[in-house]
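Me: I have a model open and would like to walk through it. Can we start with how the strands are put together?

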Amino acid sequence: MAELKLSESRDLTRIERVGAHSHIRGLGLDSSLEPRAVSDGMVGQTAARKAAGVILQMIKDGKIAGRAVLLAGQPGTGKTAIAMGMAKSLGLETPFAMIAASEIFSLEMSKTEALTQAFRKAIGVRIKEEAEVIEGEVVEVQIDRPAVSGAAAKTGKLTLKTTEMETVYDLGAKMIEALGKEKVSSGDVIAIDKASGKITKLGRSFSRSRDFDAMGPQVKFVQCPDGELQKRKEVVHCVTLHEIDVINSRTQGFLALFTGDTGEIRAEVREQIDTKVAEWREEGKAEIVPGVLFIDEVHMLDIECFSFLNRALENDMAPILVVATNRGITTIRGTNYKSPHGIPIDLLDRLLIISTQPYTEDEIRKILDIRCQEEDVDMSEGAKCLLTKIGVETSLRYAIHLITAAALACQKQKGKTVELDDINRVYNLFLDVKRSTQYLMEYQSQYMFNETGEADEDEANAMVS
């Protein structure tokens with residue numbers, strides 16, 4: 001009888017995918033905002049990183065609104081990496097909204113609405129409220145289950161204590177279920193929110209640290225709470241203005257946040273929300289956290305969007321705007337006029353421009369070392385030198401793409417370390433832009449709709465050289 005083979009199922013949620021910028025951990029600056037040579041996954045671009053660090057300090061202070069920064073440089077010089085480093089350095093509290101300029105051209109909503117939503121996603125509101133909490137160490141949990149299932153609801157008693165007092169609470173079915181979910185047992189220190197009935201396990205009491213229970217290394221020991229069981233605590237919620245807009249503008253409320261079906265939000269709704277937030281600020285219930293809006297490929301915006309950005313940056317509630325482009329002097333979309341970076345002069349005048357420089361050979365080598373580590377690939381010294389040479393002659397992105405391809409080729413050959421032969425094999429399999437253009441020029445006549453004139457041939461020759 002044939003043996004049944006069960007296919008291995010992998011838990012996809014546990015697999016951390018390696019992205020183009022997953023190795024970036026921050027901007028790699030020290031306390032005096034001086035850039036380290038190699039730090040937090042960042043290599044080179046010292047002047048650009050230092051400038052980004054100054055902008056970052058300005059964002060953290062949160063005093064200046066409506067400043068805009070342009071990251072300009074050739075393709076593959078680390079503009080998006082600097083923006084990602086800024087996002088990581090700001091932490092989770094500061095909102096960081098990231099969009100590509102082409103995203104705003106949608107049939108569902110107007111361009112200005114899409115930009116307004118992006119702006120409001122980048123402005124956070126820290127709302128403070130007081131909540132009543134019962135906090136104590138669990139002495140005993142008694143749950144009486146009925147003899148016949150379904151005959152009556154479960155009932156029980158929960159004994160909680162602090163260093164000064166001890167109280168017994170009667171439990172209903174909902175609380176028994178919540179205690180079961182959190183796996184609460186005697187010796188645990190818990191907090192119960194009186195309004196919602198939410199139970200939070202704070203840890204295990206120090207008095208039980210000598211018990212010979214089966215416990216893992218992740219068990220956290222905490223002191224038994226002192227004072228009264230019932231306490232008033234200040235709870236801080238961080239939300240963005242866009243989230244408040246959506247909740248107040250749609251019939252389905254917060255569900256629209258998950259479905260993404262936000263649609264156009266009326267100006268009156270936004271005005272009411274801004275008035276309410278201003279009231280909360282005056283009362284000390286809320287504070288505004290201006291974040292960052294990063295627009296990549298900003299040259300894809302048209303003249304209407306640029307005019308909107310000019311006006312939006314003058315608003316008191318505007319976030320810091322960071323835009324990136326790899327274009328030189330090019331046509332402004334929606335007009336016949338040319339301008340540096342494809343951005344109108346009046347908006348360029350408002351931008352602080354940070355320029356990124358092409359990477360040197362040493363820097364390309366360091367970046368490839370970091371990427372090999374990130375992608376978990378063992379590579380010999382000779383293979384790294386060859387890959388660096390390829391990166392200098394073609395492009396850094398092409399060299400990075402060859403890392404995993406070479407590792408797979410090495411696996412096929414039953415090898416463990418990527419050698420020169422593996423790099424050569426994948427270099428011949430996958431073409432870079434120069435070799436692909438050369439091939440096109442040679443066999444252009446055999447392709448469909450070939451209409452190359454002399455001008456096109458000159459352009460192609462320029463790309464190859």
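Reply: One term before the strands: two strands pair if DSSP finds at least two bridges between them. Also, this is a predicted model.

Me: Fine. What is the bridge partner of V141 in β6?

Reply: V141 has L158 as its bridge partner in β6. The strands involved are β5, residues 123-144, and β6, residues 155-161, which pair in the antiparallel sense over 7 bridges.

Me: And which residue in β7 is the bridge partner of L158?

Reply: Y169 is the bridge partner of L158 in β7. Strand β7 covers residues 166-171 and runs antiparallel to β6, with 6 bridges joining them.

Me: How many residues sit between β6 and β7?

Reply: There are 4 residues between them, and the two strands form a hairpin.

Me: What about β8 and β9, parallel or antiparallel?

Reply: Antiparallel: β8 (residues 188-193) pairs with β9 (residues 199-205) over 5 bridges. V189 has G203 as its bridge partner in β9. These strands also form a hairpin, with 5 residues between them, and G197 in the turn has a positive phi of about 80 degrees.

Me: Then β9 and β10, parallel or antiparallel?

Reply: Parallel, with 2 bridges joining β9 to β10, which is residues 221-222. R204 stands opposite F221 in β10.

Me: Where does D376 lie? And is D376 buried or exposed?

Reply: D376 lies in the loop between α10 and α11 (381-393). Its relative accessibility is 72%, so D376 counts as exposed.

Me: Changing topic to the inside. Which residues touch the most other members of the largest nonpolar core?

Reply: L293, I295, L301, F306, L309, L321 and I343 do, in a core of 29 residues. Elements giving two or more residues to this core include β3 (68-72), β4 (96-100), α3 (111-121), β13 (292-296) and α8 (303-312).

Me: Take I343. What is in contact with I343, leaving aside neighbours within four places in sequence?

Reply: Those contacts are L70, V298, F306, I332, L348 and L351. There is also a second, separate core of 26 residues, with V377, A409, I423 and V426 among them.

Me: Now charges. How many salt bridges does the structure hold?

Reply: It holds 28 salt bridges. One of them joins the side chains of E132 and R232, at 3.1 Å from N to O. That pair links distant parts of the chain, 100 residues apart: E132 is in strand β5 and R232 in strand β11, residues 230-240.

Me: How far apart are the closest N and O atoms of R365 and D369?

Reply: They are 3.4 Å apart, and the two residues form a salt bridge. R365 and D369 are 4 residues apart in helix α10 (residues 361-374), so about one helical turn separates them. R365 is buried at 19% relative accessible area, while D369 counts as partly exposed at 27%.

Me: Which residue forms a salt bridge with D432?

Reply: R435 does, with the closest N and O atoms 2.7 Å apart. D432 is buried, with a relative accessible area of 7%.

Me: Which residues are linked in a network of salt bridges?

Reply: One such network links E113, R120, D245, R270 and D274.

Me: Last topic, the surface. Which residues form a nonpolar patch there?

Reply: L431, Y439, L440, Y443 and Y447 form one, with about 460 Å² of accessible area together.

Me: Where is Y447 found?

Reply: Y447 is found in the loop between α14 (433-443) and α15 (454-464). Its relative accessible area is 39%, so Y447 is partly exposed.

Definitions and conventions:
Residues numbered from 1 in each chain as written. Predicted model: local features only at pLDDT ≥ 70, side-chain atom pairs only at ≥ 80, totals over all residues. Heavy atoms only, no water. Core = buried A, V, L, I, M, F, W, Y, C linked by side-chain atoms within 4.5 Å. Buried < 20%, exposed > 50% of the residue type's maximum accessible area, 1.4 Å probe, protein only. Contact = heavy atoms within 4.5 Å. Salt bridge = Lys/Arg side-chain N within 4 Å of Asp/Glu carboxyl O. Patch = residues over 30% accessible without salt bridge, like charges linked within 9 Å, V, L, I, M, F, W, Y side chains within 5 Å. Areas by Shrake-Rupley, 256 points an atom, 1.4 Å probe, with all protein chains shown as cover.
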